[in-house]
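Please work through the exercises below with the sequence and the model open beside you.

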Amino acid sequence: MTLWEVDIYPGEGRPDRAADALRAEARDLGVTADFQVTAGHGYLVQGTLDRAGVERLSRELLGDVVVEQPLAGAVGDEVFSQPPARFGSTNGAVVVHVLPKPGVTDAVAESVVRAIADMAADDPSLQTDSVRTFRKYWFAGLPHEQVRLLTTKLLANDSIEVVIEGPLALTELHVGSPYDFQPVQVPLREASDDELQSISRQGLLSLTLIEMQTVQQHFEQLGRDPTDIELETIAQTWSEHCSHKTLAGRITYVDAQGERQFENMLKETIFAATQTVRKQLGDDDWCVSVFQDNAGIVRFDEEHNVAFKVETHNRPSALEPYGGANTGIGGVIRDTLGTGLGAKPVCNTDVFCFAPPATPHGELPPGVLHPRRVMQGVVGGVRDYGNRMGIPTVNGAVYFDRRYLGNPLVFCGDVGVLPRDKSFKEVQPNDLIVTLGGRTGRDGIHGATFSSIELTSESETTSGGAVQIGNAITEKMVLDVLLEARDRGLYTAVTDCGAGGFSSAVGEMGEKIGAEVWLDKAPLKYAGLSYTEIWISEAQERMVCSVPDEHWEELRSLCEAEGVEATAIGRFTPTGQLTLLYQDQKVGEVSMEFLHDGRPPVVRQATWQAPAPVPFAWPAELDAGAALLKILGSLNVCSKEWIIRQYDHEVQGGSVLKPLVGVANDGPGDAAVIRPVLSSQRGLAVSCGMNPHYGDLDPGAMAASGIDEAIRNCVAVGADPARIALLDNFCWGYTDRPETLGSLVRAALACQEAAIALQAPFISGKDSLNNEFSYEVAGQRRTISIPATLLISALGQVNDVKRCVSMDFKQAGNLLYLVGLTRDELGGSHLGLVENATGGTAPSVDYGVSPRVFAAIHQAIEAGLIAACHDLSEGGLAAAAAEMALAGGLGAQITQLENAPWSGSPHDSPLRQSQALLFSESNTRFLCEVRPEHQSAWESLLADVAWGRIGTVVETDRVQAHGLDGSLLLDVPLAELKDAWQKPLQW
């Protein structure tokens, strides 16, 4: 059996994009020497095929001879020891290969194996056993230490890849060795407290001392020590990721109002708000399933419901950005697919938090990837998975703050549609446990428990196994076959195999019944996995179904016909026990009661003390035009077109409003609108709200503002404010600190208040705690904690998508109205950020006013009275007017600022109050464009809310604003506004 190599380089005269990108990134890294580099990629092919066969594969399958130059031969052949002809001189040439580590999912290689198998059906001489991909770089003109620098910082990630300098000297591809079955017991009963903590720490169990003591006492009562798989099962089930043990724990909360006790903080705030709203709705309750399945479900129309879920995938993305984000979006797609009896994914969302991409490399703590590399990898991971699965990515946001340096945040969301009669599931006793989809490997082991610990400079080395690698093509095949099986009624319940792997999936499905699992039956990617590794692996693209015996053969045949592997690995037995077998030997048995109800409650202290109020420190001389350009050019406000253009918005044919709108399709839309059922004009609006800077002043104000922003984004495009569902994603630092946990409790209480007041129920959520990064400098420990970050996602419903409006100006001569009160709220504002002005008050929400404003805007859109509508958020009125203008290619004249509704005492001068009106970020405000013929009807509809006519859309290519005294405060050409807005991330 021969190991063959195929190298693929750009063809003669073709650009070497990868090499060009590497040169640019090298300059960012400080490598300024003029060096030569050529980049290629390749395949190692192992099998019985001969040289003619591998040359045929290189031409017909692996390379495109029109634009590429393929080279084929045996590993070690002379042709591979020299750079390609395009490289020029070979003096001093150095070659570097980057390969996935053994056991890491190689999705492209898997696809190649299947493609070769198809070819081998007609030509058996092409028979191939295994394939591995690699990337190849030739360098000249660089000292060895700089080549190593580029390799470690730009070309390879040690958590998933191996670097080979020089020619390859492999003789075969090793994919695993036989497993020597040895049951393992953990000596727990006699362990001291220190030993218990050591067992938890060394095993990456993330169990606290009291939890380890509880496990110890349980097995003392059983009269035996636990096996390794039993301890791992408990750790996965009790992890922060799977059980939300901090937020669902007992908390004593103290603030200025006194002391309050929570037995279950989430249940008594977020969950309680939803129950209150549902009671208020009564017979009009449109919630179907909340906080009990993989995703929340709400009613959509007479035949369909919709499911919505947003997950976090922070820590894996910090170690391996592409793989972490790739499997983040893949995992949340499986969440909706595993909701009810299976929802068809119709769109994706994503929200990212990064450190500034221009952060100097010399300022990076040890073990931290550069923010630009993280950003590119994360965006690529979401892009590739969504695009390859044929699911449009339609909405999202990106936030930048230096405090995300050690812990980037990656939020991935998915919306799915399912028949109303398929919205619930119930495992039946004695159903078979069937896994279908991807095979099990070592990728993702300890992912659930890893997500509960702090990252350090050693995390890339010690926790690399917690990074999963996805294969979108496999998941697309699973999706298609599962929906067909759903419609045939072949299973009674389904869930995704995500955090904790089989451990969590089977454990949760069998909670009320019991389960017996045959671990040696699970299909493996390669030999050598222990029974415990099989059980807790988080290998991707796997679903678990409960299948009645009478349907198993039909399901197996369906999966076989569609090329999806399906295997029975156990049975849901009515014993109340989780029994784990390997080669017919019992390796673990835990009662479902102890597993799901035995965890001791987390008891925490939480405090919140408001900082002393400090007035907003206005700059002595503020140039409004210059400030506006700075705001538009700031990373948090500027165009994200570089990201958005990489996503497919049109696939499935249901997109109505895209992320970018306007005459050139380059303006910032407020929310995406899609038609999930193509035979209907009924739509879904998807939006989000978040501003961590408000949280620095008041996490309660941050939470309320996030909810208001998410709702008003939906309302701005035409969604009905009476049918908006919310999701919460809390990402915080160490909640062991009372003040940190106190800020989280304050945010949750604000969520409860806002949801009830606005009648917007929370239907699902996810938290990610302990987002801190620690490292040592000169023997001193330093820690970077993320800012308190709360993402609010909103799913609104649109009665008729033909009535939707976008935010771009439509016609000169139309009137401009500001709807909603402006307050003196500049704390945490973008004006403050760009001008380094501290202090001020974070925006609040007036719940006596907000519902009326939302209802008025919705009624006006339904009546066709609004030509364009844009919510006021980052940068306030000035930024909103500029964005509407640059998107529509028309100017704006704000000549009646005195008509803008103002709440609060006047400033010390008309100038200051004018500036406050332009840049305040008060909530529940909209800038609306109205045609003159609709003026009377429009103003009549606004009788119950605060509004003011402040200006006009004009033909000129400028945005102008006059102050309260009539002076010209702002006069900026559209070209300058657009350039400032687009330039920062125009990569």
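The exercises that follow go from the whole chain to single elements and then to annotated residues, and they concern a predicted model.

**Exercise 1. The chain as a whole**

Task: Describe the overall build of the protein chain, starting with its secondary structure and its radius of gyration.

Solution. Begin with the secondary structure, which comes to 30 helices and 42 strands. Next, take the radius of gyration, which is 29 Å and lies close to the 30 Å that the globule rule gives for 987 residues, so the chain is as compact as a globular protein of that length. Along the principal axes, the C-alpha trace spans about 85 × 75 × 65 Å. Then turn to burial and surface: of the 987 residues, 63% count as buried, while the accessible surface comes to about 35300 Å², with 48% of it belonging to carbon and sulfur atoms. Finally, consider the contacts with a separation of 6 or more, of which 83% are accounted for by residues 24 or more positions apart.

**Exercise 2. A strand between two partners**

Task: Work out how strand β15 (residues 432–437) is enclosed, and find which strands are joined to β15 by bridges.

Solution. First count the buried residues: 6 of the 6 residues of β15 are buried, so the strand is largely enclosed by the rest of the structure. Second, sort the residues by direction, recalling that in a regular strand the side chains alternate between the two faces of the sheet. In β15, Leu 432, Val 434 and Leu 436 point one way, Ile 433, Thr 435 and Gly 437 point the other way, and all are buried. Third, look for the partners. Strand β19 (residues 542–547) runs antiparallel to β15 and is joined to it by 6 bridges, with Leu 432 standing opposite Val 547. Strand β20 (residues 566–571) also runs antiparallel to β15, and here 5 bridges make the join, with Val 434 standing opposite Ala 568.

**Exercise 3. A helix and its cover**

Task: Compare the reach of helix α6 (residues 209–222) with the expected value, and say which elements cover its buried residues.

Solution. Start with the length: α6 has 14 residues and reaches 20 Å from its first C-alpha to its last, which is close to the 20 Å expected at 1.5 Å a residue. Next, list the buried positions of α6, which are Glu 211, Met 212, Thr 214, Val 215, Gln 216, His 218 and Phe 219. The cover over these buried residues includes α5 (193–202), α7 (228–238) and α19 (592–597).

**Exercise 4. Annotated binding-site residues**

Task: Locate the residues that UniProt annotates as "binding site", and decide whether Asp 335, Asp 496 and Glu 311 are buried or exposed.

Solution. One "binding site" annotation, from an unreviewed UniProt entry, covers Asp 335 and Asp 496. Although these two are spread over 162 residues of sequence, they cluster in space, with a largest C-alpha distance of 6.1 Å. The unreviewed entry also places a "binding site" feature at Glu 311.

Now assign each residue to its element and test its accessibility against the cut-off for buried, which is under 20%.

- Asp 335 sits in helix α11 (residues 321–337), and its relative accessible area of 5% makes it buried.
- Asp 496 belongs to strand β17 (residues 493–496), and at 10% relative accessibility it counts as buried.
- Glu 311 lies in strand β11 (residues 304–312), and at 12% relative accessibility it counts as buried.

Among the residues in contact with Asp 496 are Asn 294, Arg 334, Asp 335 and Arg 542. Glu 311, in turn, touches residues including His 241, Asp 335, Cys 412 and Lys 766.

**Exercise 5. An annotated domain**

Task: Characterise the segment that UniProt annotates as a domain at residues 639–795.

Solution. The record, an unreviewed entry, names this segment "domain: FGAR-AT PurM N-terminal-like". Over residues 639–795 the chain is 31% helix and 32% strand, and the end C-alpha atoms are 23 Å apart.

Notes. Residues are numbered from 1 along each chain as its sequence is written. This is a predicted model: local features need pLDDT of at least 70, side-chain atom pairs count only at pLDDT 80 or more; totals for chains, interfaces and linings use all residues. Side-chain values use heavy atoms; hydrogens and water are left out. UniProt positions are given in the numbering used here, feature names are shortened, and annotations may be inferred rather than shown by experiment. Helices (H or I, at least four residues) and strands (E, at least two) are DSSP runs, numbered from the N terminus. Buried means under 20% relative accessible area, exposed over 50%, partly exposed in between (1.4 Å probe, protein chains only). Contact means heavy atoms within 4.5 Å. Two strands pair if DSSP finds at least two bridges between them. The expected span of a helix is 1.5 Å times one less than its number of residues. The radius of gyration is taken over C-alpha atoms; the globule rule is 2.2 Å times the number of residues to the power 0.38. Accessible areas come from the Shrake-Rupley method with a 1.4 Å probe; for residues, only the protein chains shown count as cover. Lists of a residue's contacts leave out its neighbours within four places in sequence.
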